[in-house]
Amino acid sequence: PYKGLPYDDLTTIRRTNLNPALTTYYSKPLALHQGYKQWLFDIDGRRYLDMFAGVCTVSVGHCHPKITRAVSEQMEILGHATNIYYHTKIHEYAMKLSETLPGSLKCIYFVNSGSEANDLALLMARSYTGRFDVISLKNCYHGMTYQMMSLTSNNHYKYPVPGSAGFFKTLNPDVYNGIWGGNKCRDSPVQTDRICSCTGECEAGLKYIEQFENELNYQISKNGLAAFWAESIQGVGGAVQYPKNYIRRVHDIVKNQGGLFVADEVQTGFGRTGDHFWGFEAHGIVPDIVTMAKGIGNGYPLAAVATTPAIASGLAKAGHFNTFGGNPIACTVGITVLEIIGEEKLQANCKEVGTYLLLALLHLKSKFPIIGDVRGKGLMIGVELVEDSKTRKPLNPEKFLKIWEHCRDLGLIIGKGGLFGNVIRIKPPMCVTKEDADFTVDVIEHALIRQG
Ligand code: PMP
């Protein structure tokens with residue numbers, strides 16, 4: 001039973017004592033008490049199917065008993081050891097995590113959040129290359145430290161203060177909303193009906209590459225590019241996928257010019273996209289730096305950066321220290337998450353249930369013109385709602401919110417995102433079943449019918 005503060009007190013304290021910029025989901029905010037696998041329970045004991053996983057964070061399921069056991073055992077032995085000492089857990093975990101990565105990505109730095117991981121990757125890229133400028137994609141999200149606010153491209157996350165220097169953006173190669181399309185090239189079991197004139201190589205992709213090369217010529221200093229950054233599928237941006245070969249070609253251009261490729265796997269890592277353990281593998285590249293967070297710790301504050309020994313040596317010019325990075329509890333969580341993903345075959349489940357859900361949502365799209373696009377891979381899914389499927393004008397936010405709130409009333413938690421807030425984001429704990437997928441589609445259908 002719930003023994004916490006009454007609902008009204010939570011409202012008052014949130015207004016008075018908490019960060020006023022906090023986003024709070026739902027007109028009557030959800031007050032959570034418990035979680036178990038793919039389920040959440042509020043303080044009145046009402047159950048919800050969690051198809052958003054705390055923003056794509058709970059990977060192996062809420063309160064997984066194996067993690068609870070492992071953590072409490074570790075807490076009884078040693079709760080904190082800074083990494084200035086030897087401790088078996090940080091060593092075991094660094095070795096196991098590096099085994100999931102290709103090539104010479106064998107050197108791991110442990111930090112505590114995705115923003116911190118990307119911030120460290122920036123320092124690493126600049127120290128190693130001796131260059132300053134970086135490019136990211138419009139509509140990307142890489143975090144909220146002061147530096148990362150400049151790498152991120154969405155004004156909802158930008159304060160009216162001067163940004164940091166050396167950050168440039170290139171056109172987002174978005175196959176649904178971008179100016180050149182490219183839907184048919186998308187690396188997804190789901191395709192939409194916009195015809196792309198590709199003959200083998202994706203023409204839209206090539207135009208976006210040309211645009212990227214323009215940015216290099218016009219924006220980047222003679223010193224050259226330090227790094228290019230991309231999520232393997234954009235998360236906060238609304239499950240945006242790129243034309244086939246785009247990432248591989250950009251990767252090759254960046255490498256030819258002596259820059260580094262940074263893959264942000266904060267949302268797409270750890271098997272979520274189904275076909276691969278890491279999202280970048282679908283693009284056929286091996287990045288120079290990989291940043292990871294969220295699913296790595298199943299909700300525990302744990303994040304990491306992986307790179308090659310050569311790049312890591314660039315960062316050895318000064319001491320690098322992080323009090324909590326790689327603490328025994330965090331590493332115990334990380335090791336156990338890896339074990340569970342393997343034992344419960346969660347990557348294969350992402351592929352099977354994710355594809356089933358994508359196809360069911362595509363069928364729903366054929367019945368409701370308000371659904372402009374269904375996209376994604378594995379259990380990283382976006383459903384874009386529009387006013388008109390021809391013009392693709394984003395659905396009016398009030399209408400969107402009604403649909404989304406109605407889903408919650410029926411016991412379904414889904415996310416929202418995209419630049420215009422009109423994309424339903426579905427990224428559940430990776431243990432969801434086909435029955436959960438059916439429930440999700442039924443509830444969304446009910447909400448769409450009610451919306452008229
Ligand atoms: N990168 C991506 C792709 C993300 O989605 C996020 C968080 N939404 C971050 C980085 C930042 O992670 P954190 O909130 O842990 O700082």
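**Strands, sheets and the ligand**

Guide: Strand 5 (residues 133-137) and strand 6 run parallel and are joined by 4 bridges. This is a predicted model, in which local features need pLDDT of at least 70, side-chain atom pairs count only at pLDDT 80 or more, and totals for chains, interfaces and linings use all residues. Residues are numbered from 1 along each chain as its sequence is written.

Visitor: What makes strand 5 and strand 6 joined?

Guide: Two strands pair if DSSP finds at least two bridges between them. Strand 5 and strand 6 have 4 bridges, so they pair by that definition. Strands themselves are DSSP runs (E, at least two residues), and helices are runs of H or I, at least four residues, both numbered from the N terminus. Within this pair, serine 136 stands opposite lysine 169 in strand 6.

Visitor: Why do strand 4 and strand 6 stand at the edges?

Guide: The open sheet has 7 strands in the order 4-10-9-8-7-5-6, with mixed pairing. Strand 4 (107-111) and strand 6 (167-170) each have a single partner strand, so one side of each is left without a neighbour in the sheet.

Visitor: What makes up the shell around the ligand, by class?

Guide: The shell has 5 nonpolar, 8 polar and 2 charged residues. Nonpolar means Ala, Val, Leu, Ile, Met, Phe, Trp, Tyr, Cys and Pro; charged means Asp, Glu, Lys and Arg; the others, Gly among them, count as polar. Helix 5 (residues 114-129) gives the largest share of the shell, 3 residues.
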